[in-house]
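Biologist: Could you walk me through this model? I'd like to start with the overall fold and then jump around a bit.

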Amino acid sequence: MASFRSIKPEIRVLGIDDGRFVPRTKGFADVVGVVYRGGYWFEGIMHTTVTIDGLDSTEKIAAMIRDSPYCGELRVVLLDGVTFAGFNVVDLRALSRLVALPVISVARDEPDLVEIKKALHNLPDFETRWQAMTNSGKLFAVQTRSAENPVYVQTAGISRDFAEKLLKQTSVHSNIPEALRVAHLVASGLFR
């Protein structure tokens, strides 16, 4: 587990989100990573694709991070939820191990795990997908900004205390960290 004595204002974080795609089709969805120093300075961007409703998101995202010129400078990876391109579930623990960095999943709305589990039964490899979901750890709420709704968080490789501090420090213009907010904007502009 990563340990921080303090979280510097300019800590390098990577926010990752997927782009638009047509649900229940075959193909790929774009995944965009945006590097920020803290919540203020945009530093760079990276890109990969993952299979719609596939099983490759953990490995593809790990490869994108490892192959980027920013890899050695990153301190934390932020994901917009644990599912990409439909139900291509990221295994937070495995991703954290593969890139040797803490990983934090951030969701604007509280996921309905009962409904997600039902939906996963409609796809092949249910056990693999559900194991990745359970490897994401306990879900907890974080109030990143006093006047905004909380976000719902899962972590791997970082304590809850440091995850909360980091999310509060990097959420400058909304209740989600800037790196995730900008990754969402960029990814939303891509469509296959």
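**The sheet and its surroundings**

Modeller: An open sheet is formed by 7 strands in the order S3-S2-S1-S4-S7-S9-S8, and the pairing is mixed; strands (E, at least two residues) and helices (H or I, at least four) are DSSP runs numbered from the N terminus, and two strands pair if DSSP finds at least two bridges between them. This is a predicted model, in which local features need pLDDT of at least 70 and side-chain atom pairs count only at pLDDT 80 or more, while totals for chains, interfaces and linings use all residues. Residues are numbered from 1 along each chain as its sequence is written, and side-chain values use heavy atoms, with hydrogens and water left out.

Biologist: How are S2 and S3 joined?

Modeller: Strand S2 (residues 28-37) and strand S3 (residues 41-51) run antiparallel and are joined by 10 bridges, with Val34 having Ile45 in S3 as its bridge partner. The two strands form a hairpin with 3 residues between them, and Gly38 in the turn has a positive phi of about 60°.

Biologist: And what does helix H6 lie across?

Modeller: Helix H6 (residues 178-188) lies across S1, S2, S3, S4 and S7, running at about 35° to S1; axes are lines fitted to C-alpha atoms, for helices over the stretch in contact (heavy atoms within 4.5 Å), and angles run from 0 to 180 degrees between N-to-C directions.

Biologist: Switching topic, what volume does the largest pocket have?

Modeller: Its volume is about 340 Å³, taken as the space filled by probe spheres set on grid points joined across faces, edges and corners. A pocket here is an open set of points on a 1 Å grid over the protein atoms alone, where a 1.4 Å probe fits, with protein on both sides within 12 Å along at least five of seven lines; lining residues have an atom within 4 Å of a point.

Biologist: Which residues lie nearest its centre?

Modeller: Of the 18 residues in the lining, Asp80, Gly81, Val82, Thr83 and Ala107 lie nearest the centre of the largest pocket.

Biologist: Last one: is Leu120 buried or exposed?

Modeller: Leu120, which lies in helix H3, counts as buried because its relative accessibility is 0%, buried being under 20% relative accessible area with a 1.4 Å probe and protein chains only. Leaving aside neighbours within four places in sequence, Leu120 is in contact with Phe87, Val89, Phe126, Arg129, Trp130 and Met133.

Methods. Buried < 20%, exposed > 50% of the residue type's maximum accessible area, 1.4 Å probe, protein only.
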